[in-house]
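Subject: Structure handover and notes

Dear colleague,

I am passing on the structure we spoke about, and my notes on it follow below. Please read them beside the sequence and the 3D view.

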Amino acid sequence: MVLIADSGSSKTGWRLVDKVGKVWPFHTEGLNPYYKTVEQIKTVLQNDLLPYLPCPPVKVTHIYFYGAGCSVPSKCAEVKMALSDRFTNAEVHVEHDILGAARACCGHEKGIVCILGTGSNSCYYDGKDTTETIGGLGFILGDEGSGGHIGKSVVAAFLNKEMPEELRTDFFNTYQMDRAAIDKKVYQEPNFNKFLGTFSMFAANHITHPFIQNLLKDCLDLFIDKHVIRYSDYKTTTVHFVGSVAYYYKDILIELCKKRGIATGKFILEPVDALVEFHT
């Protein structure tokens, strides 16, 4: 029994695969070790995953976990500790989510791979390993083009009265939040990046409005400028995209890349199913 996971900051996609290839899908909240302690990860596993498995945890022999926040050995070790505690017979492998995205998109071929979800990141993949990464700096220093960045841009446009009046009215009617309420969530409470990321749905729900179209293009073009064109051979290498923002704004990304002479490849919402194929 093999357990494969792709974990972002918001959610984790799990797939359990048996020896004949039958697959069971599961989801839990995100298990980013920068936002969750070892004990908190154990609790999520115990309450939200283990009760739904079709077999006892001791039957799981291998775990391949790809996660946001797993870019340094110490954080990988924390996630591995939590997984090993709950799956005592499993051989546990913990890798950065960017490697998972690369394997999902490219298999054993080279490519530039971009993650655009709650956060953002990118890498150059040589068909085996990520040889160069740009981004992954987190919400404060980076995350251009991410759901958090788009949500922040939407909120700022509302607060600064940049939005057309019909959008400002709809924003307030939808969320019932004024500046004081937003300031409290952003500056006084935890997980402000996730809070701001929720407002990216406002952009998705008004995607046909010219103001929102321009806002999205500005955010996504900044990602291309900060990430994609920093790779020396970006014009001769296919660029792939993973994550909810990339998947739902695929047409805008294709348009922006085409203007820069960039060839786009796969757009994958959740890489975990492609990772099942890679590992099995």
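A word on terms before the details: a residue is called buried when its relative accessible area is under 20%, exposed when it is over 50%, and partly exposed in between, with a 1.4 Å probe and protein chains only. Please keep in mind that this is a predicted model, in which local features need pLDDT of at least 70 and side-chain atom pairs count only at pLDDT 80 or more, while totals for chains, interfaces and linings use all residues. Residues are numbered from 1 along each chain as its sequence is written, and side-chain values use heavy atoms, with hydrogens and water left out.

Salt bridges

A salt bridge here is a side-chain nitrogen of Lys or Arg within 4 Å of a carboxyl oxygen of Asp or Glu, and by this rule the count comes to 11. One of them joins the side chains of Arg179 and Asp183, at 3.5 Å from N to O. Because Arg179 and Asp183 are 4 residues apart in helix α7, about one helical turn separates them; Arg179 is exposed at 53% relative accessibility, whereas Asp183 is partly exposed at 26%.

A second pair, Arg260 and Asp221, meets at 3.3 Å, N to O. Arg260 lies in the loop between α12 (250-259) and β10 (264-268) and Asp221 in helix α10 (residues 210-226), so this bridge ties together parts that are 39 residues apart in sequence. Arg260 is partly exposed, at 24% relative accessibility, and Asp221 is partly exposed as well, at 26%.

In helix α1 (residues 38-49), Lys42 and Glu39 are 3 residues apart, which puts about one helical turn between them, and their side chains form a salt bridge of 3.3 Å, N to O. Lys42 is buried, with 11% relative accessibility. Glu39 and Lys42 also belong to a network of salt bridges that takes in Asp85 and Arg86.

The second largest pocket

A pocket is found on a 1 Å grid over the protein atoms alone, as an open set of points where a 1.4 Å probe fits, with protein on both sides within 12 Å along at least five of seven lines, and lining residues have an atom within 4 Å of a point. The second largest pocket holds about 270 Å³ of space, the volume being that filled by probe spheres set on the points. Its lining has 13 residues, of which Val155, Leu159, Asp183, Val186 and Tyr187 are the closest to its centre. Two or more lining residues come from each of α5 (147-159), α7 (179-187) and α8 (192-197), and α7 gives the most, with 5 residues.

Helix α3 and backbone angles

What is the state of helix α3 (residues 97-106), buried or exposed? 10 of its 10 residues are buried, so the helix is largely enclosed by the rest of the structure. Gly107 follows α3 and has a positive phi, near 65°.

Most residues other than glycine have a negative phi. Gln176, in the loop between α6 and α7, has a positive phi of about 50° and is exposed at 53%.

With best wishes
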